[in-house]
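Subject: Structure handover

Hi,

Here is the structure we talked about. Please open it alongside this note; my findings follow below.

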Amino acid sequence: MSNYFATVGVEVHVELKTNTKIFSNSLNGYGEMANSLTNVVDLGYPGTLPTLNEEVINLAIKAATILNCKIRKKMHFDRKNYFYPDNSKNYQITQARTPIGYDGYVEIEVNGEKKKIFIEEMHIEEDTCKSAHRGSKTLLDFNRAGVPLIEIVTKPCMTSGEEAKLYLEKLKELLFYGNISDCKIEEGSMRADANVSLRSSLDDPFGTKVEIKNIGSISNVKLAIEKEIERQSKLLDNNESFKEQTRRFDDKLNDTILMRVKETGNDYRYFPEPDIPYVILKDEMISSAISDLAMLPDERRNIYTSRGINIVNANKLIANRSLSDYLNNFIDTDMDFKEASNILLGDISAYLNREDKEIIDTKLTNDKFYDLVKKVSDNTLTSKNLKDILVKVLEEDKTIDEIIAECGISNITDSSMLEEIVQKVISDNPDSVNDYKAGKDRALKYLMGQIMKETKGGANPKLVNDILKRELNK
Amino acid sequence: MKYLSLKIEEINKLLKEKKITPVDLVEEAFENIDSNKELNAYITLNKEEALRKARELEDREVDNILFGLPIALKDNIITKGLRTTCASHILDNFIPIYDATVVEKLKAKNMIIIGKANMDEFAMGSSSRTSYFGAPKNPWNKEKISGGSSGGPATTVAARDVLFALGSDTGGSVRQPSSYTGIVGMKPTYGRVSRYGLVAFASSLDQIGTMTKNVYENALLLNAIVGKDEKDLTSANKEEEDFTRLIGKDIKGMKIAVPNFFMSDIVNNEIRDKVKEVIKVLENNGATVEFVDIKYIDNTVTLYQIIAMGEASSNLARFDGIRYGLSKENPKDIDDVYYKTRAEGFGEEVKRRIMVGSYLLSGENAKIYYNKALSIRDDMRKEFINVFKDYDLIIGPTTTTTAYNLDDPMDDPKKSFMDDVLVIPVNMAGLPGLNIPIGFDSNNMPIGMQIIGNAFEEAEIYHLASFIEKELNLKLDPKGGENNE
Amino acid sequence: MKDKLTKEEVLHVAELARISLTEEEIEKYQVELKELLNDVEKINDVESYDDDILIACFSESAKLRKDEVGEMLDPKEVIGASPRHSGNYIEVPVVISGGEGA
């Protein structure tokens, strides 16, 4: 295997998050009753014509922007002609000659080094219907027919399964954050094909290309490519030649399986779709789509780390988009992000998971959260206090102060009451007081512990510390 | 009493005064159709539903000039609940579940659909002889063709069964049969009328057109069916207008061009002579008529063959025996469904065009033929637009001959294209064009003249057409009835 | 210029078009298709000004549709028109290889 250089390219189809299909106004949905989300256009009835969904163009502009692609301002659609039962017109409407985006890149980090994965082009097209094979029959469900897709094609610029995996993870994160697609591989809203070829020297032309279709997960993409490199290496070692072909990855066998050998190349008889005139993108349309774009992961990561969140927590936030979006509401405030992220990823996440809720489903207003973080950060609230009041904070329409009062936490932050306790602890522990005065720091900690014990952990440590020192230094 | 032979204003008045009802008109139309049964103008009659609709209209206010009038539709226009076959075996049991946009518009005017008229299979042909249901016959001579592909609509209007019909025109399919049968047929500007619900033959050329016995009624019918349609991206964003507004006005100062190609020896002498006579009449009435050359006009049949067959091969791929229509029984595999259904379902002309079209788009051919054709098509359209910088209209003969015999051989695959050599350029350039009858040949078969306008200038075409109609005052009822223009 | 297509050429276009042909038809189309193809060869004698192509006449730019859901068909209507179906599905003889398209 080490004798060969692998060249890997990846083609990804993602379904766009729109209300309706690309060329008709039926619902773009998943998991509904078979053939309940169709109309005469999706079914290719005689006389029907495509219309073009505005939101598809918007999302494609956003995707092109995220992928650093150039955007084509005048484009048309093409028909890709092939007979197949999942294709209601026996042609697919796609963009073969004028893809909306081209010449882009996605940056990944391989072994600590940045690498650009170049995007050849990205184009808009329609999805096919779903077919299920049952014995001697194939059953067709046209709910998916006409769901909008973008296909993103890289240049053959990757060299390993690991790179392909990193690229796909990054792509998924970007498209998800751009609100372009759900990117759920298991539901088929993101699908990946990989092209693999080997050559003995980087000066040689590319070797025979093998396409691996419809791989079910990102980790399987890595595996499939590695297995395919292994398989081709063996063949080359034995001087066995092979033809350009399409294979699939079987994760049970952990190997790629031959689907078909390309004989003459597919004859798709592309020609410009006469039912759709040129689409001309006005500058306003492009700029309004771009300005509508949500903040992307890299920018979030930069902001989070620059505001004191460690990289592990920053990544955890980004992996949980609703929390990250929530935190972003406070970018323009002086909030302590480090404390905020601890609260979000800690107690709040635990609550949300337990209750199977989203943060927007709770009673946590922006003002409340701001106040909560502030009180934790200035030690008005201890971590135990936080745990005690959190359910109320999330479930009741009350301010933090009201909740604190209600829970009796305010008594402990009351300094006169604390002073009494401090006095008591000082008079009960004269030895420790002497030790402190002799410069032993441990004594202070002990006294603190005693006070906390007296208050059952409910006292504000900062306040206790202040009062204790003041009293000891008298 | 034959109400349908009255002037349209008189029929409208009688309806308004409740002296007659739409039922009288519908019954009369079906009597006419029945007496002309041997012309084979229809594939499907809509008798029950038409009468039901007519009765429903009896109590309604007569709110427009087309109210309650029967109309025939070419059988490639989709009608909800009414069989739509495209004259093909592959759809001979197809009952659509939606209406074409034009059908919705006709229904909004309370017109009554009388039936689905005969045609060439999938509109491919020039004599309607490729129909799975047999060819319609020319009312002027039953041995002759009615032309095509809108042969049925032309036949039923020429025979005076009904006042109105809609056809479709991809490469002359409204104008050529109108010429052969002595009626007025308009192919509007591409985009003027929605194509939603017109079964596609060649999408970039297809346009629904109006077929009537006179110019005024033609303009009225066009008024009813035009307009931007959200369901058809190629429909043009144009304000509604009254296409009758220039009818009857004089033609003094009008500048008219005649392409030399249209008067070359590809056109038979009798027809050229008739056109020359008309040119004289126009000049005598203050119009200027000049001969011009239009580049590429003699290449349009080649362009048409490539574009129309290429698009057709893709448009007709959906007829595969899976979702609707004919399907091979007990197929052994999926290929059996495709190959056998299509072999059995399509007629020869259609198969030939699909195969040639597939070839023209295959591999490198798409570039050599199809793209080249689109490129020259663009140039040709610009040539036409240039002519309209200097001229108001273009005229010439509609056809090179008059209607020929039904039993003439059909073995020359090029014949159906050459029949349309004069009408095809209009589709290639997307322009409006109309056939107006201008006389008869020595066998008493109608001769037609074509009037071509600039894009969206149908009103100007009707202007000249109405003038010619009035000046010539021809007897255009094949049974010798009186004119009623 | 040869006056007919080979049998293989006819079978190739018949395959693209998914139309089965009898031996008789193949012979007929060898001649007829060639005649039409000779005709379209004339395009090679025509020069065009530029590479602009005409896709749809008189439409400056496609008007985009708002992303709003419209009426859909009842599954019964969908399968009602199809020659073969089971449950809410349209049915075809089993298709083994994967889809060619998306």
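A polar contact here is a pair of N or O atoms within 3.5 Å; within protein, one must be able to donate a hydrogen and the other to accept it, and residues adjacent in sequence count only if both atoms are side-chain atoms. Keep in mind that this is a predicted model.

**Chains B and C**

By that rule, 16 residue pairs are in polar contact across the interface of chain B and chain C, both residues at pLDDT 80 or more. On the chain B side, the elements that give two or more residues are helices H9 (300-315), H10 (334-345), H11 (348-361) and H12 (365-390). H12(B) gives the most, with 14 residues. The contact involves 66 residues from chain B and 50 residues from chain C. Together the two chains bury about 5,100 Å², and 64% of that is on carbon and sulfur atoms. Five salt bridges cross this interface. One of them pairs Glu32(C) with Arg352(B), with the closest N and O atoms 2.6 Å apart.

**Chains A and C**

Here 40 residues of chain C contact 64 residues of chain A. The buried area is about 4,400 Å², 58% of it on carbon and sulfur atoms. Two salt bridges are counted between these chains. Glu54(A) and Lys66(C) form a salt bridge, their closest N and O atoms being 3.5 Å apart. On the side of chain C that touches chain A, helix H1 (7-17), helix H3 (75-80) and strand S2 (89-93) each give two or more residues. The largest share comes from S2(C), with five residues.

**Salt bridges within chains**

The count over all chains is 73 salt bridges. In chain A, Asp103(A) pairs with Lys155(A), the closest N and O atoms being 4.0 Å apart. That pair links distant parts of the chain, 52 residues apart. Asp103(A) is in strand S6 (101-110), and Lys155(A) is in the loop between strand S10 (148-154) and helix H2 (161-177). Asp103(A) is partly exposed at 37% relative accessibility. Lys155(A) is also partly exposed, at 29%.

Arg247(A) and Glu228(A) form another salt bridge, at 3.6 Å between the closest N and O atoms. Arg247(A) lies in strand S13 (245-250) and Glu228(A) in helix H3 (218-237) of chain A, so the pair ties together parts 19 residues apart in sequence. Are these two residues buried or exposed? Arg247(A) is buried at 8% relative accessibility, and Glu228(A) is buried at 0%.

Glu211(A) and Lys213(A) also meet in a salt bridge, 3.9 Å from N to O. Both are buried.

In chain B, a network of salt bridges links Glu49(B), Arg52(B), Lys53(B), Glu56(B) and Arg60(B).

**Helix H3 of chain B**

Ala50(B), Leu51(B), Lys53(B), Ala54(B) and Leu57(B) are buried in helix H3 (47-57) of chain B. They lie on the same side of H3(B), because they cover an arc of only 160° around the axis. Helix H2 (22-35) and strand S3 (112-117) of chain B are among the elements that cover them.

**Cysteines**

There are zero disulfides over all chains. For Cys157(A), the nearest cysteine sulfur is that of Cys69(A), 12 Å away. Cys157(A) is buried, with a relative accessible area of 18%. Cys86(B) is buried too, at 1%.

Best wishes

How values were computed:
Residues numbered from 1 in each chain as written. Chains lettered and ligands numbered in written order. Predicted model: local features only at pLDDT ≥ 70, side-chain atom pairs only at ≥ 80, totals over all residues. Heavy atoms only, no water. Disulfide = S-S within 2.5 Å. Buried < 20%, exposed > 50% of the residue type's maximum accessible area, 1.4 Å probe, protein only. Helix = DSSP H or I, 4+ residues; strand = E, 2+ residues; numbered from the N terminus. Arc of directions from axis to C-beta. Contact = heavy atoms within 4.5 Å. Buried area = accessible area lost by both parts, 1.4 Å probe. Salt bridge = Lys/Arg side-chain N within 4 Å of Asp/Glu carboxyl O.
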